[in-house]
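Work through each task before you read its solution.

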Amino acid sequence: MNISEKRVLWLSMALGACGALVVLIRLGIRDALGFLVGAGLSYLSFRSWVRLAETVGASGARPATGSAVFLALRYVLIGVAIYAIIEGLGSTPGALIVGLLVSFAALALDLLWEAVSK
């Protein structure tokens, strides 16, 4: 894991924790848990894209069929997880969806950090 990926991990954890605290205060424990699960799914999705890029970049070849199938099916799996969290926890869809954007926000902050620090 390179420095930028580590920074995205730490930013994702920080944004996830701060966001969950805000959601806990404003909306309650169920929505805070939904937000945290969304943030976790977001980071796992980010890591899967990083691994795919490393695989393709290292060999220059197309990824294995299993990797491509997993990338396609992960959206189905995320959708099933979202449904289960909303139905099982009683979390609002908004809290979960905002949690799913945590890695995007962390990546944007990392890009901003890189642009400003150079």
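**Exercise 1.** Find which residues line the largest pocket, and sort them by class.

*Solution.* Step 1: the lining consists of Ser-42, Ser-45, Phe-46, Tyr-75, Ile-78, Leu-100, Leu-101, Ser-103, Phe-104 and Leu-107. A pocket here is an open set of points on a 1 Å grid where a 1.4 Å probe fits, with protein on both sides within 12 Å along at least five of seven lines, and lining residues have an atom within 4 Å of a point. This is a predicted model, in which local features need pLDDT of at least 70, side-chain atom pairs count only at pLDDT 80 or more, and totals for chains, interfaces and linings use all residues. Residues are numbered from 1 along each chain as its sequence is written, and side-chain values use heavy atoms, leaving out hydrogens and water.

Step 1: by class, seven are nonpolar, three polar and none charged.

Step 2: α2 (29–59), α3 (65–89) and α5 (102–117) each supply at least two lining residues; helices are DSSP runs (H or I, at least four residues).

**Exercise 2.** Work out which residues of helix α4 are buried, and how they are arranged around its axis.

*Solution.* Step 1: within α4 (residues 93–100), Ala-95, Leu-96 and Gly-99 are buried (under 20% relative accessible area, 1.4 Å probe, protein chains only).

Step 1: viewed down the axis, the buried residues of α4 fall within an arc of 95°, so they line one face of the helix. The arc is taken from the directions from the helix axis to the C-beta atoms.

**Exercise 3.** Find what Phe-35 is in contact with beyond four places in sequence.

*Solution.* Its partners are Leu-15, Gly-16, Gly-19, Ala-20, Val-23, Ala-95, Val-98, Gly-99 and Val-102, where contact means heavy atoms within 4.5 Å.

Key:
Ala, Val, Leu, Ile, Met, Phe, Trp, Tyr, Cys and Pro count as nonpolar, Asp, Glu, Lys and Arg as charged, and the others, Gly among them, as polar. Buried means under 20% relative accessible area, exposed over 50%, partly exposed in between (1.4 Å probe, protein chains only).
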